Every structure is written in structure tokens, then in C-alpha cells.
Amino acid sequence: MLKLKIPDHQVAGHQAKTGIIGPLIDDSGKFYKPLQDDGRGSHELAFYTSLYSDPRIPSNILNLFPNFHGTQVVEASDGSGLHPHLVMEDIAGNFTNPAVVDFKIGSRTWHPQSSEDYIRKCLKKDRESSSIKLGFRISGLRSVSPSNQCWQPQRKFLMDLSAEDVILMMKKFVSSDGNADEPDCVFASRVYVPVLEELLVLKKWFEVQTIFHFYSCSVLVVYEKDEKDEKRTARAVVKLVDFAHVVDAKGAIDHNFLGGLCSLIKFVKDVLAGLGDFEISNSKP
């Protein structure tokens, strides 16, 4: 019998709550995302299916997507019965004490083929958040301090941050205790140096790829905060997630995603430059 549970490290998206169906995880490192029945679920399934069979996508880029394991019908999180789920890699599953942040990329989170109601809903959210002014927004983040204090700001608070507040949140994310007024940034180099490397790889691909346009897609960053676990303290993990609104690029560059990605890269560089002992001159803009 498959034992599934609600993840405690999920920071964005539809979360399993009383009466609401949401994702589940198992103990083998798999993440079960309910297949949405309004077309978004089938759309995301079609994207995953095409992604791993498309010879135009380089292997180093595929590594930035979660491993996909098809679909499976399992008991829904709300106890309403069997429901089809997308099965993919649980990105935080191999970490003892994962710190997680979700950056939703792009100043526009809706695509032209969306319904008028959906566009109106997304446009309102984009205008009320940092998406339009910064090109991305922090959808959620979470970390636990050595004293077992959880730091997970409310999503509403994160929606409309200024550039200065985004920098502060990014510093707190790589600090020993996010609840502290003054971030110590003790994990900053260990986290943001490899994150910057991966984002620059992604940027290089988005500068030329004309296969997909990624609307309402996120960059997920996970790192290990358990200092005792030396095997897992070496490198942060960067993955692209959420593909219910990916559309055919029709031969055009995805400037919406690329612009947001470039903005996020600048913020990561600004955090690293603020450390004082880090040189970013060897990193191309």
C-alpha cells in the first residue's frame, strides 16, 4: 500500500488544506501533483511528455526540470477518493532540513489564449505584486533555524515587495535565522554562487530557444540547512516548476520569461556583491 503524506516544505501553488485537494509526497522521493480538471492538468501532462522526447532541448537544460514519472491514480489529499496525479521528482525530498524559495518569473503570468476571466484575474495579481515592476515575484519561501524556528512569511506579504525588500528576503533566506532582524547571510555564498551558475546557463538557453513560452512558471531553489549533513551542504538545487501555462513559442523568443530571469540574476548578483568578499567579475551578465 502506497503511503502518501502532505509535504511540509511546499511554499507555493495549491496546498492541501481541509476540503482542498493538494500535492502529496511519498518516502521514495516522488511528488504527486493533482491533475487539474479544467484543462491545465492535461496541458501540463502534454508538456512533460513532449519535453523529454524533444531532441531540440539540450541535456544540461533538461537537468533543470524535475524528473517526470508519468501519472498515477491515488487517494486525493482531501479524502474525496481516487484522483489522477502527475508524478515527478520531489525536489526537496533528499534534504534533511530543506530551505525553499519559489520565484515566479515574468512580468506577465497569462498567455494570450487564456480566457478573459483568467486574464483579468492574473492581470490584477500581476499589478498588485512585484511582477510588473521587477519582472518576477517571490511566491513563497520557507526555512527552519537551528533552534527549530520556522520562518515562512505570508504569501500576501511577499506579493508586493520593493526591490530593497526583495533583497532583504533573499538575504534572510540564506541566513541562519530568517526571523532575525539583521540577516547574517552565512549560507549566501554556498547557495547563491551555484544558483547564479545555473541561472546563467538557463539565460543562455532562453536567449536562443524558440520552442516554448513559459507563462506563470517558477524557478525553485532548495538548499540544505542541516550543517551536520556534510554530504548535502555542497550545492543548492535549481529547478523550473509549474508548466500548466506553457505554450508554443511559434519561433519567437520568450522575452517575458527572459526579462524576468535577467532581473532575478541581477538580484542574486547584488546579494553576492553585498557580501564584500565575493567577486562576480567572472560571471557574464
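Figure 1. Helix H6 (residues 163-173) lies across strands S5 (98-105), S6, S7 and S9 (218-224), and runs at about 30° to S6. Helices (H or I, at least four residues) and strands (E, at least two) are DSSP runs, numbered from the N terminus. Axes are lines fitted to C-alpha atoms, for helices over the stretch in contact, with angles from 0 to 180 degrees between N-to-C directions. Helix H7 (residues 188-206) also packs on the sheet, where it touches S9 and S10, and its direction makes about 150° with that of S9; contact means heavy atoms within 4.5 Å. This is a predicted model, in which local features need pLDDT of at least 70 and side-chain atom pairs count only at pLDDT 80 or more, while totals for chains, interfaces and linings use all residues. Residues are numbered from 1 along each chain as its sequence is written, and side-chain values use heavy atoms, with hydrogens and water left out.

Figure 2. The open sheet has the order S7-S6-S5-S9-S10, with antiparallel pairing; two strands pair if DSSP finds at least two bridges between them. Strand S7 (150-151) and strand S10 (237-241) each have a single partner strand, so one side of each is left without a neighbour in the sheet. Strand S6 (residues 136-144) runs antiparallel to S7 and is joined to S7 by 2 bridges. Valine 144 has cysteine 150 in S7 as its bridge partner.

**Figure 3. The contact of H6 with H8.** The axes of H6 and helix H8 (residues 255-273) come within 10 Å and cross at roughly 65°. Ala163, Val166, Ile167, Met170 and Lys171 of H6 meet Leu264, Phe267, Val268, Asp270 and Val271 of H8. By class, the residues of this contact are 8 nonpolar, no polar and 2 charged. For these classes, Ala, Val, Leu, Ile, Met, Phe, Trp, Tyr, Cys and Pro count as nonpolar, Asp, Glu, Lys and Arg as charged, and the others, Gly among them, as polar.

**Figure 4. The four-stranded sheet.** Strands in the order S1-S2-S4-S3 form an open sheet of 4 strands with antiparallel pairing. Strand S1 (24-25) and S3 stand at the edges with a single partner strand each, so one side of each lacks a neighbour in the sheet. S1 and S2 are joined by 2 bridges, and leucine 24 has tyrosine 32 in S2 as its bridge partner. Strand S2 (residues 30-34) is joined to strand S4 (residues 82-89) by 5 bridges, with lysine 30 partnered by glutamate 89 in S4.

Figure 5. Strand S3 (residues 68-75) runs antiparallel to S4, and 6 bridges join the two. Valine 74 has histidine 83 in S4 as its bridge partner, and glutamine 72 stands opposite histidine 85 in S4. The hairpin has 6 residues between the strands, and glycine 79 takes a positive phi near 75°.
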